[in-house]
Amino acid sequence: GSFSIELTGLNPETEYFVTAYAVNKKGITYGNQISFTTGCGNETFTDPRDGHVYKTVRIGDQIWMAENVAFDPGLGSWCYENDPSNCETNGNLYNYDAALLAVPPGWHMPTRDEFEILLSNFETGSDAYDGLREVGCEAFGSLFSGFVNIDGSFVYQGQYTDYWSSTPEASGWVYVLDLNTVSLEATVAPDRKVRGFSLRCVKN
């Protein structure tokens, strides 16, 4: 016959080995050993527009996407160096108007204040730089995706990443969250809407 059992209290991202056994009058019979690795246990979100599944993470009181948005709204959206594999790994790069169209239902582009709340979970900008780059179940998992410059060139992959906010600073400018390997800090500062940056959303 067959049987099943529910295992509880397991740690995330951990490999376990299990062997079943049966006891009767003739003694103990052991089954084959099997192994499995637990997942994060975090919720995922499926974008109904294209079926893309995103990991999510709770940081403080906020729920963030743990991956860059990869929806293509058309004009104003790029893969770094026009290579689709970069979109698969790092998500799309958007100018500001395209980023607004890329936001999935149930989520929103973060405000400047929401980015500041995110950074307040860390003591300093350098701590935030390190913390936001961590990977794993409870991590933001920032990648240095580079960006599209004003002249349309693709620059600084592996060195810079910037995320759009919805908060304007002046005409043609909006606040972004910036991480880079030069300052080694995470900061919120204004930049131009025409550049192509990454997008992370926060849950409504």
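Start by selecting R200 and F140: R200 lies over the face of F140, at 4.3 Å from the ring centre. For a charge to sit over a ring, NZ of Lys or CZ of Arg must be within 6 Å of the ring centre and within 35 degrees of the ring normal.

Before moving on, a word about what is on screen. This is a predicted model, in which local features need pLDDT of at least 70 and side-chain atom pairs count only at pLDDT 80 or more, while totals for chains, interfaces and linings use all residues. Residues are numbered from 1 along each chain as its sequence is written, and side-chain values use heavy atoms, with hydrogens and water left out.

**Stop 1: aromatic pairs**

Keep F140 selected. It is buried, with a relative accessible area of 1%. Here buried means under 20% relative accessible area, exposed means over 50%, and partly exposed is in between, using a 1.4 Å probe and protein chains only.

How many aromatic pairs does the structure hold? There are 12 aromatic pairs. Rings of Phe, Tyr and Trp (its six-membered ring) pair if their centres lie within 6.5 Å; planes under 30 degrees apart count as stacked, over 60 as edge-to-face and the rest as tilted.

W64 belongs to strand β5 (residues 62-65) and F140 to the loop between α4 (125-133) and β9 (147-148), so the pair ties together parts that are 76 residues apart in sequence. Helices (H or I, at least four residues) and strands (E, at least two) are DSSP runs, numbered from the N terminus. W64 is buried as well, at 0% relative accessibility.

Now select F147 and F197. Their ring centres lie 5.4 Å apart with planes at 70 degrees, so this pair is edge-to-face. The pair links distant parts of the chain, with F147 in strand β9 and F197 in the loop between β13 (186-192) and β14 (202-203), 50 residues apart. F147 is buried at 8% relative accessible area, and F197 is buried at 1%.

Then widen the selection to Y96, F147, Y156, Y160, W164 and F197, which ring pairs link into a cluster.

**Stop 2**

Y156 lies in the loop between β10 (154-155) and β11 (160-170), and at 39% relative accessibility it counts as partly exposed.

You will find N82 in the loop between β6 (77-78) and α1 (84-90), where it is exposed with a relative accessible area of 58%.

**Stop 3: helix α3**

Show helix α3 (residues 112-119) and pick out E114, F115, L118 and L119, which are buried. On which side of α3 do they lie? They are on the same side, because they cover an arc of only 145 degrees around the axis; the arc is that of the directions from the helix axis to the C-beta atoms.

Now select R112 together with Y175: the charged end of R112 sits over the ring of Y175, 4.0 Å from its centre.

**Stop 4: salt bridges**

Side chains of opposite charge can pair when their charged atoms come close. The structure holds 4 salt bridges, each a side-chain nitrogen of Lys or Arg within 4 Å of a carboxyl oxygen of Asp or Glu.

Select K203 and E43, whose side chains meet in a salt bridge (3.7 Å, N to O). K203 lies in strand β14 and E43 in the loop between β2 and β3 (44-46), so the pair ties together parts that are 160 residues apart in sequence. K203 is partly exposed at 36% relative accessibility, whereas E43 is exposed at 57%.

Go on to D47 and R49, which form a salt bridge at 2.7 Å, N to O. D47 counts as buried at 0% relative accessibility, and R49 as partly exposed at 31%.

Finish with R195 and D191. Their side chains meet in a salt bridge of 2.6 Å, N to O, and both R195 and D191 are buried.
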